[in-house]
Amino acid sequence: MAYKDFRDFLHTLEKEGQLLTISDEVKPEPDLAAANRALNNLGDKTPALFFNNIYGYTNARIAMNVMGSWPNHALMMGMPKNTPLKEQFFEFARRYEQFPVPVKREETAPFHEVEITEDINLFDILPLFRLNQGDGGFYLDKAILVSRDLDDPDTYGKQNVGLYRMQVKGKNRLGIQPVPQHDIAIHIRQAEERGENLKVAIALGCEPVITTAASTPLLYDQSEYEMAGAIQGEPYRVVKAKDADLDLPWGAEVILEGEVLAGEREYEGPFGEFTGHYSGGRAMPVIQINRVYHRKQPIFEHLYIGMPWTETDYMIGVNTSVPLFQQLKDAFPNEIVAVNAMYTHGLVAIISTKTRYGGFAKAVGMRALTTPHGLGYCKLVIVVDEEVDPFNLPQVMWALSTKLHPKHDAVIVPGLSILPLDPGSDPAGMTHKMILDATTPVAPDIRGHYSQSLDSPLGVAEWEKKLSRMLR
Amino acid sequence: MHICPRCESNRSEVVTRSPVKGAWEVLLCPVCLFTWRTSEPDSITDPAKYKSAFKVNPQDIPNAAHVPPIPERI
């Protein structure tokens, strides 16, 4: 089911009625961001947007909200667009277990059509624009960045493919925010300890499967390309970069090759973030771009990010939940039922589990805090019974309202790590975390009056089928 | 010469002009690295109307926290 390239996926969206082309002239600011924000306000089944008539440009083409809804996420996986979210979660989890699928190597790629190595000016090459009013500039926020581990360059999985926000701060200069919990921070540290620049490559306009893998919190030595192969069910196609030993996604629209300048920090930000707050301005590493290549008339893909929910939340919802699910299952294979870590990238996580004995659910919550993703997220973990669907928030609220006793079931663990972008962290990067145990107490934890849980009238399942048929 | 709406330095430079002649220019401030397009609303382009919460004092820039800190050479 692999998509050939970014354009192939856009074509599928169009065929499925999930791509809206805006041919009326729009201004780069504020129209592009405003249209996308408005679209995100209109529900969870919205199409992608394609702008082809932008004030001041002659041939700019911009795609946004490409993964910004559950139908588009289903289509990314090659599933029918109306596939329910819970089904998408379990199918993603099934494919996740097929990892690793080795890559397929190619010699050339469509993006080799146009190459620029002198007088690079990203402001000329890309139709850049501002998203939110307080942003310090124009950003690349749906580009994947590839880098290698310098201590162990031969271990394929340690080549990292990640999504990082990058501010365009000069004709050939980008600023990058390396959150300490993310892999790029490890590679930058390795290079700076040696006093060397870190070679990187940046790909814009990629098939959604690599963007999904790049935004999945995989383990450090797991390859995003090999995960992309698992998700799409066939080997992912890559081609070598020209200035470094880095693999690039074959289907990308634009490639930037460059290096993180060792020991340089430069003012970056603020940027309106997925937390619904601006990030503030800080001094961050700088990338110098040395080579650009792109398809003729490239499509610039961009992502509106701001107060949830936006495309980001659809893009990193299921693929954040599944690694937590798998890692919790590694510890408790017979108990964990499902994990919903879709809220603000898993700052809140809801875990459905069976309970073996009194206190078990709290241990599940503690384990969530110590997973690799939990170290930077999972500020609030809600644990619910196996019968509760963690993707059904009314059910979760029912569990919280009836199963939880604040005296016994609210656990606060002080002084843990969190990503510094959490606006409540104090100092940035530090926080207390909370587990809310909303499971039914079991022996020897004998509390409450839970022996008479409500059942349904006999025959409900048959009536569900009958009424569904009648309502069609 | 252009005044940066954010830090009010007068050193901003044009980094690109619209492919359609005369529509807009993009300017970059080398002091606070703010970027803006001349066709943006005046709440972005006019120093007097730029939101005060987002103003940057050039004197604070050298003191901005390093994220991540620069490690010792080994």
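Buried area is the accessible area (1.4 Å probe) that two parts lose on being put together, summed over both. For chain A and chain B that comes to about 3,200 Å², with carbon and sulfur atoms giving 61%. Keep in mind that this is a predicted model, where local features need pLDDT of at least 70 and side-chain atom pairs count only at pLDDT 80 or more, while totals for chains, interfaces and linings use all residues. Residues are numbered from 1 along each chain as its sequence is written, chains are lettered from A in the order in which they are written, and side-chain values use heavy atoms, leaving out hydrogens and water.

**The interface**
- Chain A puts 42 residues into the contact and chain B puts in 37, contact being heavy atoms within 4.5 Å.
- E193(A), R265(A) and Y267(A) supply 19% of the area that chain A buries against chain B, more than any other three residues.

**Salt bridges**
- There are two salt bridges between chain A and chain B, each a side-chain nitrogen of Lys or Arg within 4 Å of a carboxyl oxygen of Asp or Glu.
- E40(B) and R130(A) pair up in a salt bridge, at 2.8 Å from N to O.

- Most residues other than glycine have a negative phi, and most peptide bonds are trans.
- The F99(A) to P100(A) peptide bond is cis, with omega near 0°.
- V67(B) to P68(B) is a cis peptide bond too, with omega near -5°.
- N65(A) has a positive phi, near 55°, and is buried (under 20% relative accessible area), at 0%.
- D119(A) has a positive phi of about 50°, but is exposed (over 50%), at 75%.

Note on methods:
Buried means under 20% relative accessible area, exposed over 50%, partly exposed in between (1.4 Å probe, protein chains only).
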